[in-house]
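Please keep the sequence and the model in view while reading.

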Amino acid sequence: MRLLTFILALGVSAFAAAPAAAETYKTPKALLKALYSYDTDRSDAEAPSPYSIFFSDHLNKLLQADLDNTPEGDVGAVDFDPVIAGQDGEASNVRIGQPILLDDKAEVEVQFENGKEVTLFYSLVREHGGWKVDDIADQQGDNPWSLGALLGDAQ
């Protein structure tokens with residue numbers, strides 16, 4: 001009986017420690033809703049970003065390359081959370097715009113509040129049977145940015 005209890009406990013703890021399987025998001029809005037409701041504490045610590053399960057293979061490769069090329073103790077090319085466009089806070093009153101679709105790509109505007117009104121532009125791609133984030137851009141203010149450009153993507 002003790003052996004059975006031990007095996008069950010081991011199986012449950014192994015399941016709980018396993019990273020969450022990447023879901024497939026059938027629409028751009030479903031992806032972005034999940035992204036903005038995601039608890040980053042559930043992230044795989046070994047992933048190049050807390051949001052890697054939502055990011056395209058291409059974006060994850062850029063993030064991993066940045067991580068690999070950043071000396072230990074340094075921050076890297078992205079020193080803020082691109083999903084909330086800041087280092088602190090959280091996105092509230094999130095509004096997801098109507099996606100503009102072209103084949104296996106989509107562009108979507110997302111607005112929210114994080115101390116001020118923020119508008120981000122998402123470039124999405126369809127891969128592995130669902131939608132993934134391929135880039136995030138903030139085109140407002142004195143310092144516009146795109147995640148891909150910060151990571152040295154020459155696309």
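W145 is buried, at a relative accessible area of 13%, where buried means under 20% relative accessible area, exposed over 50% and partly exposed in between, with a 1.4 Å probe and protein chains only. The model is a predicted one, in which local features need pLDDT of at least 70 and side-chain atom pairs count only at pLDDT 80 or more, while totals for chains, interfaces and linings use all residues. Residues are numbered from 1 along each chain as its sequence is written, and side-chain values use heavy atoms, with hydrogens and water left out.

The protein chain has 4 helices and 6 strands, arranged along the sequence as α-α-α-β-β-β-β-β-β-α; helices (H or I, at least four residues) and strands (E, at least two) are DSSP runs numbered from the N terminus. Of its 155 residues, 35% are buried. The accessible surface comes to about 9,900 Å², with 53% of it belonging to carbon and sulfur atoms, as computed by the Shrake-Rupley method with a 1.4 Å probe, where for residues only the protein chains shown count as cover. Among contacts (heavy atoms within 4.5 Å) with a separation of 6 or more, 46% join residues 24 or more positions apart.

**Aromatic pairs**

A pair of aromatic rings is described by the distance of the centres and the angle of the planes. Rings of Phe, Tyr and Trp (its six-membered ring) pair if their centres lie within 6.5 Å, and planes under 30 degrees apart count as stacked, over 60 as edge-to-face and the rest as tilted.

| Pair | Centre distance | Plane angle | Class |
|---|---|---|---|
| Y38 and F54 | 5.0 Å | 75° | edge-to-face |
| F80 and W145 | 4.9 Å | 65° | edge-to-face |

Y38 and F54 are 16 residues apart, and both lie in the loop between α2 (28-37) and α3 (57-68). F80, in the loop between α3 and β1 (92-96), is 65 residues from W145, which belongs to strand β6 (residues 145-146). Y38 counts as buried at 13% relative accessibility, and F54 does so at 1%. Y25, Y38 and F54 form one aromatic cluster.

What does F54 touch, residues up to four places away in sequence not being counted? Its contacts are Y25, L31, A34, L35, Y38, K132 and V133. In α2, the residues P28, L31, L32, A34, L35 and Y36 are buried, and what covers the buried residues of this helix includes β1, β2 (100-102), β3 (105-113), β4 (117-127) and β5 (130-138).

A nonpolar core is a set of buried Ala, Val, Leu, Ile, Met, Phe, Trp, Tyr and Cys residues joined through side-chain atoms within 4.5 Å. The largest one has 32 residues, and those with the most contacts inside it are L35, Y36, F54, Y122, L124, V133 and I136. At least two residues of this core come from each of α2, α3, β3, β4 and β5, and α2 supplies the largest share, 5 residues.

**Strand β6**

S146 is placed in strand β6 and is buried, with a relative accessible area of 18%. The side chain of S146 reaches the backbone nitrogen of A149 at 3.0 Å. With residues up to four places away in sequence left out, S146 touches D135, I136 and A137.

Conventions: A polar contact is a pair of N or O atoms within 3.5 Å; within protein, one must be able to donate a hydrogen and the other to accept it, and residues adjacent in sequence count only if both atoms are side-chain atoms.
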